[in-house]
Amino acid sequence: MRAIPLTVTALAAALLLTACDDGGSKSGSKNGSACEIGGVSVQLGSASVAPKAGDTGEIPVSITNQSKPCTLDQFAGVVLSAGNTEAKVPALKGAKAQKLKLAKGDSASFTIAYVRGKAGGKAALDAKTVKITLPGTTASRSFPWSYGPVATQTGGTAPNASVTAFQQVGD
């Protein structure tokens, strides 16, 4: 007599599970959606500014989730702008992105490292703004760039700069 109720229960459970699978489960989208500008705060921290041409500077960027749980997967998009010229900052060579899940109130950070260029030099980008985009999204936030010109890579126009992977902040 127990075989029939168990079979019916198992069948009902299987039907419920398949009915919820619409290509992206509800529970997956609740915890797996990308963190978006507007749902998180983005701030540039106190920089270690490169004082003269050839020196390296670092600018920490912190992200704090102010909304529903979200995920940071891959690297932040960072673009330096100088008038009509835009230059994408690549990920640090050899760095490996880690997938971070941020609950409301959780924070993560990454760093923009750059080599200062010579003011007015051909091998420098006189950046005025830095635009940050979170992975998996298109919305961005721009900040003034007050850290001096950025050297370009030898033989190219790409900035001599890099973006580190996201790191969890706090416990």
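Is Tyr147 buried or exposed? In this predicted model, Tyr147 has a relative accessible area of 11% and is therefore buried, since the cut-off for that class is under 20%.

The protein chain to which this residue belongs has 2 helices and 13 strands, and buried residues make up 33% of its 171 residues. Among the contacts in the protein chain with a separation of 6 or more, 76% are accounted for by residues 24 or more positions apart. The accessible surface of the protein chain comes to about 10300 Å², and carbon and sulfur atoms contribute 55% of that surface.

| Aromatic pair | Distance between ring centres | Angle between planes | Geometry |
|---|---|---|---|
| Tyr114 and Trp145 | 5.2 Å | 75° | edge-to-face |
| Trp145 and Tyr147 | 4.8 Å | 85° | edge-to-face |

Tyr114 lies in strand E7, which spans residues 107-115, whereas Trp145 sits in the loop between strand E10 (140-144) and strand E11 (150-151), so their pairing ties together parts that are 31 residues apart in sequence. Both Tyr114 and Trp145 are buried, and for Trp145 the relative accessibility is 7%, which places this residue in the buried class.

Trp145 also pairs with Tyr147, and Tyr114, Trp145 and Tyr147 form one aromatic cluster.

How values were computed:
Residues are numbered from 1 along each chain as its sequence is written. This is a predicted model: local features need pLDDT of at least 70, side-chain atom pairs count only at pLDDT 80 or more; totals for chains, interfaces and linings use all residues. Side-chain values use heavy atoms; hydrogens and water are left out. Helices (H or I, at least four residues) and strands (E, at least two) are DSSP runs, numbered from the N terminus. Buried means under 20% relative accessible area, exposed over 50%, partly exposed in between (1.4 Å probe, protein chains only). Contact means heavy atoms within 4.5 Å. Accessible areas come from the Shrake-Rupley method with a 1.4 Å probe; for residues, only the protein chains shown count as cover. Rings of Phe, Tyr and Trp (its six-membered ring) pair if their centres lie within 6.5 Å; planes under 30 degrees apart count as stacked, over 60 as edge-to-face and the rest as tilted.
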